[in-house]
Amino acid sequence: MSRTRQLHLGAFMRPVGIHTAWWRYPGGYPDANFNFAHLAHFAQRLEAAKFDAFFMADHLAVMNMPMAALRRSATVTSFDPLTLLPALAVLTERIGLIATASTTYNEPYHVARKFASLDHISQGRAGWNLVTSGNPDEAHNFGREAHVEHAVRYARARDFFDVVTGLWDSWADDAFVMDPESGLFFDPEKMHVLDHRGDFLKVKGPLNIARPVQGWPVIVQAGASEAGKQIAAETAEMVFAASSSIEAARTFYADLKGRMPALGRDPDHLKILPGAVVILGDTLEEAKAKRARLDDLVHPDSGLANLSVRLGVDASGFDLDAPLPELPETNASKSGQAQIVDYARRTSATVRDLARKVGGYGGLHLLGTPAQVADQMEEWLETRACDGFNVMFPFVPEGLDDVVDRLVPELQRRGLFRHAYDGATLRDHLGLPRPANRFFTQPSP
């Protein structure tokens, strides 16, 4: 079947299972977050299934939750994404490699250099997930007594983006002539000194690495607050969305893409991929039973602690059988808190209900047979709720194998997903243009 639109599929792989109890599921790999052999196998399986990208999130601190819950969390240890992904690059050939790097607790020269290196090592498969750091404990690892204010984080992020992309444009694509006869290694007329002086950052440049294969690695963003949506409309090429219903997803999709024309951007040059836990069974009842079994493995210590993290407020003193109280203004993730508050108001959920919901994973779940999940994905795509999904696995390896071996063939049968990669780079997979160098005219092909 020929279709004008097909799904894009990313695999959210840090943590390898988003559910709090993924590492306890029978037959799973409890050490998968920091076992290179497992991660390499997962990347190769996902590439064989023709996934767009392998997506590594990151935190610069252990999660900010009480020790009673923290000691039960598998997210306290994992590889640094920008150490792991270059290693995976040499074991794969086509799948995109996306890593998170904070604009709050990094310097732009470091980020520009590392992602340019990854793009060259992978021959054009890198993506940068631009985040502003939602975990307040990260501040204490970088010499600060308190987390940077939300508005300041986003203002710095915008300045940071301009510096990083400017550094990627330090060199014309044909700057490095490497002529042994003349002894000329590069043409100095094709090197640009950035000399950026912004409100937050002062960076001279140039970057000491050639322009990335893709021009720029693909820019990914995940914020859903007003500030997050605006910076995404201005800069992002993929958005990791967090809509938990198709109605909310359609509203978010229309809002974000609707901002782009006024900014001089083509809405097709931004792909919106909500995160979704996919649980498959031979029947819907079997898929629901898998989810129930997984939820039963969540220790009670984790429920209120995870709710506190998501709200940015200590929920341990809340009345468990009362509605969620009014919350004070916090410096935590605005969108994460808003998602839970909206759910609580819509459903009249008690604090106990909310703790149970987010104790495992409170976001979007797609459950059922491969055909039923494909039906849901098709509806989201065709009604402009998304351009695809960042698939999150409930447990590994079983959950990943189910998606690769059972769901992807069903999507391919319907013409909803590729049978083969059409190109070699992440931009090729996503249908994104290669950005022009703002300082140099592109050479003729």
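**View 1. E237 in the loop between α6 and β8.** In this predicted model, E237 lies in the loop that runs between α6 (226-235) and β8 (238-241), where helices (H or I, at least four residues) and strands (E, at least two) are DSSP runs numbered from the N terminus. E237 counts as buried because its relative accessibility is 9%, buried meaning under 20% relative accessible area, exposed over 50% and partly exposed in between (1.4 Å probe, protein chains only). Apart from neighbours within four places in sequence, E237 is in contact with P217, V218, I219, R265, H269, L270, K271, R427, L432 and P433, contact meaning heavy atoms within 4.5 Å. Residues are numbered from 1 along each chain as its sequence is written, and side-chain values use heavy atoms, with hydrogens and water left out. As this is a predicted model, local features need pLDDT of at least 70 and side-chain atom pairs count only at pLDDT 80 or more, whereas totals for chains, interfaces and linings use all residues.

**View 2. Packing of α5 against α6.** By class, the residues of the contact of α5 with α6 are 5 nonpolar, 3 polar and 2 charged (Ala, Val, Leu, Ile, Met, Phe, Trp, Tyr, Cys and Pro count as nonpolar, Asp, Glu, Lys and Arg as charged, and the others, Gly among them, as polar).

**View 3. Packing of α4 against α5.** Helix α4 (residues 108-121) and helix α5 (residues 150-168) have axes that come within 9 Å and cross at roughly 45°, which makes α4 oblique to α5. The contact is formed by P108, Y109, V111, A112, F115 and A116 of α4 together with F160, V163, V164, L167 and W168 of α5, and the contact of α4 with α5 has 11 nonpolar, no polar and no charged residues.

**View 4. R356 in helix α11.** R356 belongs to helix α11 (residues 351-360) and is exposed, with a relative accessible area of 56%. The C-alpha atoms of R356 and L304 are separated by 8.0 Å, although these residues are 52 residues apart along the chain.

Key. Axes are lines fitted to C-alpha atoms, for helices over the stretch in contact, and angles run from 0 to 180 degrees between N-to-C directions. Angles under 35 degrees count as roughly parallel, over 145 as roughly antiparallel, 65 to 115 as roughly perpendicular and the rest as oblique.
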